[in-house]
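Here is a short note to read beside the model. Please keep the sequence and the structure open while going through the points.

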Amino acid sequence: MEANLYTVFAPHPDAASLTLINNAAVLGQIGYVGELPNEHFTFAFDVNLVAPAMLMNTFLSKYADMTCPRTILNISSGAAQRAVDGWAAYSASKAALDALTRAIQKEQDLRGTGVRVQTISPGVLDTGMQEQIRNTDNRQFSEVDKFVAFHTEDKLADPTEVARKILASL
């Protein structure tokens, strides 16, 4: 059963502020383009771009008449800014999310809504995604040794601490 996004955003007439944080993302299958099933791209783009786009669209529509501060924060990745072999769909979908964020902010500025729309790239976090990366064959991702070193040298940031810092900055 498909959920109606309007049911996700309950009315908040007395809210002091409203914030949407799009944090969910998938790396998907690590591998080179031409060696992956086509469904991989649909999955990565649906989770990393399409779902956040729909949530932002609904948030902006649902709360258009609110006067309290409204913020949309999209969690991005350094992979959106640089080529990473084996991560094409992830990198491209995060780069597209960054571009969409900039376009939406421009629209909100032109409309004078006061809505802030921004992205943040929190760095390399100690998540399940990192475990997936470290367990990848270096023929599918040439930088696997670098990510193994991040883990063994304790250079991965704690996700809970990063989340606290992000929330404190809003």
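**Charges, folds and pairs**

1. The protein carries 14 positive and 19 negative side chains, and the centres of these two sets are 7 Å apart. Lys and Arg count as positive and Asp and Glu as negative, while His and the chain ends are not counted. The place of a charge is NZ of Lys, CZ of Arg, CG of Asp or CD of Glu.

2. This is a predicted model, in which local features need pLDDT of at least 70 and side-chain atom pairs count only at pLDDT 80 or more, while totals for chains, interfaces and linings use all residues. Residues are numbered from 1 along each chain as its sequence is written, and side-chain values use heavy atoms, with hydrogens and water left out.

3. The protein has 6 helices and 3 strands, and their pattern along the sequence is α-β-α-β-α-β-α-α-α. Helices (H or I, at least four residues) and strands (E, at least two) are DSSP runs numbered from the N terminus. The C-alpha atoms fill a box of roughly 50 × 35 × 35 Å along the principal axes.

4. Of the 170 residues in the protein, 36% are buried. Buried means under 20% relative accessible area, exposed means over 50%, and partly exposed lies in between, with a 1.4 Å probe and protein chains only. The accessible surface of the protein is about 9900 Å², and 53% of this belongs to carbon and sulfur atoms. These areas come from the Shrake-Rupley method with a 1.4 Å probe; for residues, only the protein chains shown count as cover.

5. Take the contacts between residues at least 6 apart in sequence: 70% of them join residues at least 24 apart. A contact means heavy atoms within 4.5 Å.

6. How many aromatic pairs does the rule give? The count is 6. Rings of Phe, Tyr and Trp (its six-membered ring) pair if their centres lie within 6.5 Å; planes under 30 degrees apart are stacked, over 60 edge-to-face, and the rest tilted. Tryptophan 87 and tyrosine 90 have ring centres 5.9 Å apart and planes at 85 degrees, so this pair is edge-to-face. Tryptophan 87 is buried at 6% relative accessibility, and tyrosine 90 is buried at 6%.

7. Phenylalanine 147 and phenylalanine 150 also form an edge-to-face pair, because their ring centres are 5.1 Å apart and their planes are at 75 degrees. Both residues lie in helix 5 (residues 144–152), 3 residues apart, about one turn of the helix. Ring pairs link Trp87, Tyr90, Phe141, Phe147 and Phe150 into a cluster.

8. Side chains of opposite charge can pair when their charged atoms come close. A salt bridge is a side-chain nitrogen of Lys or Arg within 4 Å of a carboxyl oxygen of Asp or Glu, and the count here is 5. In one of them, glutamate 143 pairs with arginine 82, with the closest N and O atoms 3.1 Å apart. The pair links distant parts of the chain, 61 residues apart: glutamate 143 is in the loop between helix 4 (128–134) and helix 5, and arginine 82 is in the loop between strand 2 (70–75) and helix 3 (88–111). Is glutamate 143 buried or exposed? Glutamate 143 is buried, at 17% relative accessible area, whereas arginine 82 is partly exposed at 36%.

9. Glutamate 153 forms a salt bridge with lysine 155, the closest N and O atoms being 3.1 Å apart. Salt bridges with shared partners join Arg82, Glu143 and Lys146 into one network.
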